[in-house]
Amino acid sequence: MAAERDDALWLDAGGQVSLVELSECSGIPVATLRELVDYGALAPADPLAVEWTFSAECVVSVRTAARVCQDLELEARTLALVLSYVERIHDLEVQVRLLRAQVGVPDR
């Protein structure tokens, strides 16, 4: 029996990933990721750089948005909207955790 090999990428939240790495991690083609940048849904660390890099934190949001679009059979052009909602939900969850910590309510 041949051993299966899974490629894994360990992400450091403070790190960066290239456009190609983001494409490989998310399963979204590079051209679609470029469209997300054009729509303003995805922001490279330095938009003027020759090769774009992105915060490693965006990998989870991009993967989640891609999975939602695939599960709901949404068109690729709706990915930017779904991505903005996923990131908004993440930001709101962070705010709720901070507020719970300030008032002493344990996190669920």
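Student: In helix 2, what makes Thr32, Leu33, Leu36 and Val37 count as buried?

Tutor: In this predicted model, Thr32, Leu33, Leu36 and Val37 of helix 2 are buried, which means that each has under 20% relative accessible area.

Student: How do you know that they are on the same side of helix 2?

Tutor: They cover an arc of only 150° around the axis, so they share one side of helix 2.

Student: Which exposed residues does the face turned away from the buried side carry?

Tutor: That face of helix 2 carries Ala31, Asp38 and Tyr39. They are called exposed because the term requires over 50% relative accessible area.

Student: And what do the buried residues of helix 2 pack against?

Tutor: They pack against helix 1, strand 2 (53-55), helix 3 and helix 4. Take Leu36 as an example: leaving aside neighbours within four places in sequence, Leu36 is in contact with Ala41, Leu42, Leu79, Ala80 and Leu83.

Student: Which members of the largest nonpolar core touch the most other members?

Tutor: That core has 23 residues, and Leu22, Leu33, Leu36, Leu42, Phe54, Val62 and Leu83 touch the most other members. Helix 1 (19-26), helix 2 (30-39), helix 3 (58-71) and helix 4 (79-103) each supply at least two residues of this core. Helix 3 gives the most, with six residues.

Student: Phe54 is on that list. Why is Phe54 called buried, and what about Trp52?

Tutor: Set the values against the cut-off of under 20%. Phe54 has 0% relative accessibility, so Phe54 counts as buried. Trp52 has 17%, so Trp52 counts as buried too.

Student: How many aromatic pairs does a search of the whole structure find?

Tutor: One. The rings of Trp52 and Phe54 have their centres 6.4 Å apart, with their planes at 80°, so the pair is edge-to-face. The cut-offs here are centres within 6.5 Å and, for edge-to-face, planes over 60 degrees apart.

Student: Where does the charged end of Arg34 sit?

Tutor: The charged end of Arg34 sits over the ring of Trp52, 5.5 Å from its centre. The distance part of the test asks for CZ of Arg within 6 Å of the ring centre.

Student: Last one: how do you know that the span of helix 4 is close to the expected value?

Tutor: Helix 4 has 25 residues and reaches 36 Å from its first C-alpha to its last, close to the 36 Å expected at 1.5 Å a residue. Helix 4 is followed by Gly104, which has a positive phi near 80°.

How values were computed: Residues numbered from 1 in each chain as written. Predicted model: local features only at pLDDT ≥ 70, side-chain atom pairs only at ≥ 80, totals over all residues. Heavy atoms only, no water. Phe/Tyr/Trp six-rings, centres within 6.5 Å; stacked < 30°, edge-to-face > 60°. Buried < 20%, exposed > 50% of the residue type's maximum accessible area, 1.4 Å probe, protein only. Lys NZ or Arg CZ within 6 Å of the ring centre and 35° of its normal. Core = buried A, V, L, I, M, F, W, Y, C linked by side-chain atoms within 4.5 Å. Helix = DSSP H or I, 4+ residues; strand = E, 2+ residues; numbered from the N terminus. Contact = heavy atoms within 4.5 Å. Arc of directions from axis to C-beta. Expected span 1.5 Å × (residues − 1).
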